[in-house]
Amino acid sequence: MTINESEYIGSFPRHQLCPKEMYPEYAFIGRSNVGKSSLINMLCDRKELARTSKKPGKTQMINYYLINQEWGIVDLPGYGYAKISKKMRLQWREMIEQYLLKREQLQCAFVLIDANVPPQNNDIEFINWLGKMGVPFLLIYTKIDRLKPIQLPENIQKIENALLAHWEELPQQFYTSSNEKKGRAEILDFLESINEDFWSKA
Ligand code: GTP
Ligand code: MG
């Protein structure tokens, strides 16, 4: 799929305020600083469509982008960001969970996992929650450029083992580097096939 047009539509504090059009939509979610906004920019081939930051906690609302005027990308706030009040963290959680459970347009969520760090409890807990609630999801490993080729399979194996302690099988996985534009074609091909499915049933 070629992305000809990508447009920031707005940032919304609740899913009820998101665009009402029935465009197929994909959410990007993961721990704070995992590289969600960078990945969205890489996919859309835009430098600053989604705002990125070295400081975690940049993305705080449901950010909606319309692509090729027919499908949507949603950049969600990262979970596990420690430097905010407990009240705020609960509000974020509620916003994310309600979005994932209630948003009719959502086709699937992409859970981003940093390929450089050992398995993280909050990633596993979040993935288990998605599974329990029946939210379809896929995995995207990020920042693979930071690893030596020999380290990558070792790290992935550890993360997979941690997940397989809870799951019999794992969803489809993508390996990406936003810095080196790796994984772009694979993700866009996948999105294209889901979009085609969606429109053929519409
Ligand atoms: P929040 O919005 O705060 O939750 O963060 P985020 O998940 O949107 O992360 P963001 O895209 O802002 O990236 C966080 C940091 O990681 C930035 O300093 C990016 O430059 C860096 N980063 C993102 N993707 C990559 C990558 O593929 N490789 C490397 N080396 N660094 C990356
Ligand atoms: Mg972000």
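This is a predicted model: local features need pLDDT of at least 70, side-chain atom pairs count only at pLDDT 80 or more; totals for chains, interfaces and linings use all residues.

Visitor: Got it. How many bridges join strand β1 to β3?

Guide: Six bridges join β1 (residues 6-12) to β3, and the two strands run antiparallel.

Visitor: Are the residues of β3 buried or exposed?

Guide: Six of the six residues in β3 (residues 62-67) are buried, so the strand is largely enclosed by the rest of the structure.

Visitor: Which ones point which way from β3?

Guide: In a regular strand the side chains alternate between the two faces of the sheet. Here, Ile-62, Tyr-64 and Leu-66 point one way, while Asn-63, Tyr-65 and Ile-67 point the other way. All of these are buried.

Visitor: Zooming out, in what order do the strands form the sheet?

Guide: It is an open sheet of seven strands, in the order β1-β3-β4-β2-β5-β6-β7, with mixed pairing. β1 and β7 (173-175) are the edge strands, each pairing on one side only. From one strand to the next, the twist averages 25°.

Visitor: Switching topic to rings. How many aromatic pairs does the structure hold?

Guide: There are 12 aromatic pairs. Take Tyr-8 and Tyr-65: their ring centres are 5.5 Å apart and their planes are at 45°, so the pair is tilted. The cut-offs behind that word are under 30 degrees for stacked and over 60 for edge-to-face, with the rest counted as tilted. Tyr-8 lies in β1 and Tyr-65 in β3, so the pair ties together parts that are 57 residues apart in sequence.

Visitor: Is Tyr-8 buried, exposed or partly exposed?

Guide: Tyr-8 counts as partly exposed, at 42% relative accessibility. Tyr-65, on the other hand, is buried, with a relative accessible area of 3%. The cut-off for buried is under 20%.

Visitor: What about Phe-110 and Phe-190, what kind of pair do they form?

Guide: An edge-to-face one, 6.0 Å centre to centre with 80° between the planes. Phe-110 is in β5 and Phe-190 is in helix α5 (residues 184-201), so this pair ties together parts that are 80 residues apart in sequence. Both residues are buried. They also belong to a cluster linked by ring pairs, together with Tyr-26, Phe-28, Trp-71 and Phe-174.

Visitor: Which elements supply its lining?

Guide: β5, α3 (121-133) and α4 (151-164) each supply at least two residues. The largest share, three residues, comes from α3. Among the lining residues are Ile-113, Asp-123, Ile-124, Ile-127 and Leu-163. By class, the lining has eight nonpolar, one polar and two charged residues.

Visitor: And the second largest pocket, how much space lies in there?

Guide: About 350 Å³. It is lined by 17 residues, of which Tyr-79, Gly-80, Arg-89, Arg-93 and Asn-122 lie nearest its centre. α2 (86-102) and α3 are the elements that give two or more residues to this lining, and α2 gives the most, with seven. The lining residues divide into nine nonpolar, three polar and five charged.

Visitor: Last one: how many residues of helix α1 are buried?

Guide: Eight of its nine, so to speak for residues 36-44 the helix is mostly covered. The buried residues include Lys-36, Leu-39, Ile-40 and Cys-44. Asp-45 follows α1 and has a positive phi, near 55°.

Technical notes: Residues are numbered from 1 along each chain as its sequence is written. Chains are lettered from A and ligands numbered from 1 in the order in which they are written. Side-chain values use heavy atoms; hydrogens and water are left out. Buried means under 20% relative accessible area, exposed over 50%, partly exposed in between (1.4 Å probe, protein chains only). Helices (H or I, at least four residues) and strands (E, at least two) are DSSP runs, numbered from the N terminus. Two strands pair if DSSP finds at least two bridges between them. Axes are lines fitted to C-alpha atoms, for helices over the stretch in contact, and angles run from 0 to 180 degrees between N-to-C directions. Rings of Phe, Tyr and Trp (its six-membered ring) pair if their centres lie within 6.5 Å; planes under 30 degrees apart count as stacked, over 60 as edge-to-face and the rest as tilted. On a 1 Å grid over the protein atoms alone, a cavity is a set of points where a 1.4 Å probe fits but cannot get out, and a pocket is an open set with protein on both sides within 12 Å along at least five of seven lines; lining residues have an atom within 4 Å of a point. Ala, Val, Leu, Ile, Met, Phe, Trp, Tyr, Cys and Pro count as nonpolar, Asp, Glu, Lys and Arg as charged, and the others, Gly among them, as polar. Grid points are joined across faces, edges and corners, and a volume is the space filled by probe spheres set on the points.
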